[in-house]
Amino acid sequence: MKSVSAIAPIIVAAQKVEKQFGRLQVLKGIDLTVRKGEVVVIVGASGSGKTTFIRCLNHLEKIEKGRIEVNGHLIGYREKNGILIEDSERNIARQRCEIGMVFQRFNLFPHLTALENIIEAPVHVRKIPRQEALRVGRALLARVGLAEKENSYPAQLSGGQQQRVAIARALAMRPALMLFDEPTSALDPEMIGEVLDVMKELAREGMTMIVVSHEMGFAREVANRMLMMHDGRIIEDAPPERFFTAPVHERTQTFLSRVIGKSA
Amino acid sequence: MIFDWSFFWHYLLRPSSVYLNGLWLTLSISVIAQGLGTLLGLFLALARVSRSRLLQVPARVFIWGMRGTPLLVQIIFIYTGLAAANIFRFEDINLGFVTLPGNIQAGILALSLNEAAYMAEIIRAGITSVDVGQTEAAKSLGMTYPLYMRRIILPQAARVVIPPLGNEFNGMLKNTTLLSVIGVPELLLATQMVTSATFRVFELYLVVACYYLTLTTLWGLVQQRLEQRFGEPANASPTEIGSAGFRRLFRFGQLGDPR
């Protein structure tokens, strides 16, 4: 784990974020500040709102109250006379270029090869010349250890390989922030390590990351902060050494005993 | 019953120019109407799956009306009905190299509109068959609706759309016969013209049936090839279809050589 200076620029600033699905309130006022280079791991029982929260950070989910800024840009909304109205699709798309996301189910494009998956958005969204995008794309594939798989289609790759391509695809947009939504929970156990290794490497290189995951070994090794979510709120926010040894909240203690007991 | 074999073979193998012209009309009208119908159907499908009610409702009403009334009624309504009510009269258009008669224009329009309604439902099914994760991944990469529709969703929907599209075209080849009622000299009307001169009804209708059978059989072979390329099950593992098969299945803009 590396330390992050308290004066590093703020990448994520979420204030009093509230989100409702019908009558069910899933986020009940989330405040979170993440600085450049921080690796934040969010844990919590299913239904606690952790996945919903990171999906709000790139406006895959609308929010009812509060505000979210990433890299200084208000996400999903624009301000008019003090109230927030939803922004245009074009502006939202531009904001999303700054935010990479890795999904639980990989969501690679099945009709494109690994390399085509990676260069799709740089070429068609960022308008980077194709040759340049191919060069960067191949370098990224090499970085995730899949240089020889550039012409493989997603269905020809294992789950772990697909997830590594998905990480490379997100990185190709040069995001300021990477979101990981349970990136290893759809993987066979023997493939989890290869994906976590790529993520650890990324963390060491200084990428700002918010990771929803129950991989406690990973969290211990690279997280700067551990967040525990329960019932739509962040109930614990601590560095890993304190989070694992002396959690304040009783729910965190029971959660840890269950998760660590299971993985031991 | 007297069946004149020599007459039958003569018309089957050495068709008169009326016949050849009818065959040409049947084919060209079918291709044009299927093309226009598919294109309009695509827009209707996009309107149907959009979240805007302003787009959704008109598309729904159009599809409901077109699928709920007979094609023959639509053809007569568009050509004869509109003219009789003095709303619109299809005039012959001189395209320079060829004159496009009003009844053919009306016929193509009616077939296209009707086909669009059916294609809309087929394409809609194709679009909704694509996992929502694909849209989310595309959005998270900063893609806007027109871009991810064109580059991500529609290419995947094509695999679901192509087999029924083939069936639609098979139907289209036969539905052109309905245009005989507004005087388009396609294959059926051409046959009727020859029968009224020769009174060889049995032989000639057997000939025309053979013609349609030939057209649909040839198309069936094309369709088989199309389905081999697009219609394979998405969940088949790559080892089952093999790497080369998979490349063929998803060959939209490739890079370099397949390994």
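**A friendly note on chains A and B**

1. Start at the turn in chain A: A:Gly22 takes a positive phi near 60° in the hairpin of E1(A) and E2(A), where 2 residues lie between the strands. Strands here (E, at least two residues) and helices (H or I, at least four) are DSSP runs, numbered from the N terminus.

2. Before going on, please keep in mind that this is a predicted model, in which local features need pLDDT of at least 70, side-chain atom pairs count only at pLDDT 80 or more, and totals for chains, interfaces and linings use all residues. Residues are numbered from 1 along each chain as its sequence is written, chains are lettered from A and ligands numbered from 1 in the order in which they are written, and side-chain values use heavy atoms, leaving out hydrogens and water.

3. E1 (residues 10–21) and E2 (residues 24–35) of chain A pair in the antiparallel sense over 9 bridges; two strands count as paired if DSSP finds at least two bridges between them. Look for A:Val12, which stands opposite A:Val34 in E2(A).

4. E1(A) also runs antiparallel to E4 (residues 65–70) of chain A, joined by 5 bridges. Here A:Ala13 stands opposite A:Glu69 in E4(A).

5. Chain B has 10 helices and 2 strands. Along its sequence the order is α-α-α-α-β-β-α-α-α-α-α-α.

6. Among contacts (heavy atoms within 4.5 Å) in chain B with a separation of 6 or more, 72% come from residues 24 or more positions apart.
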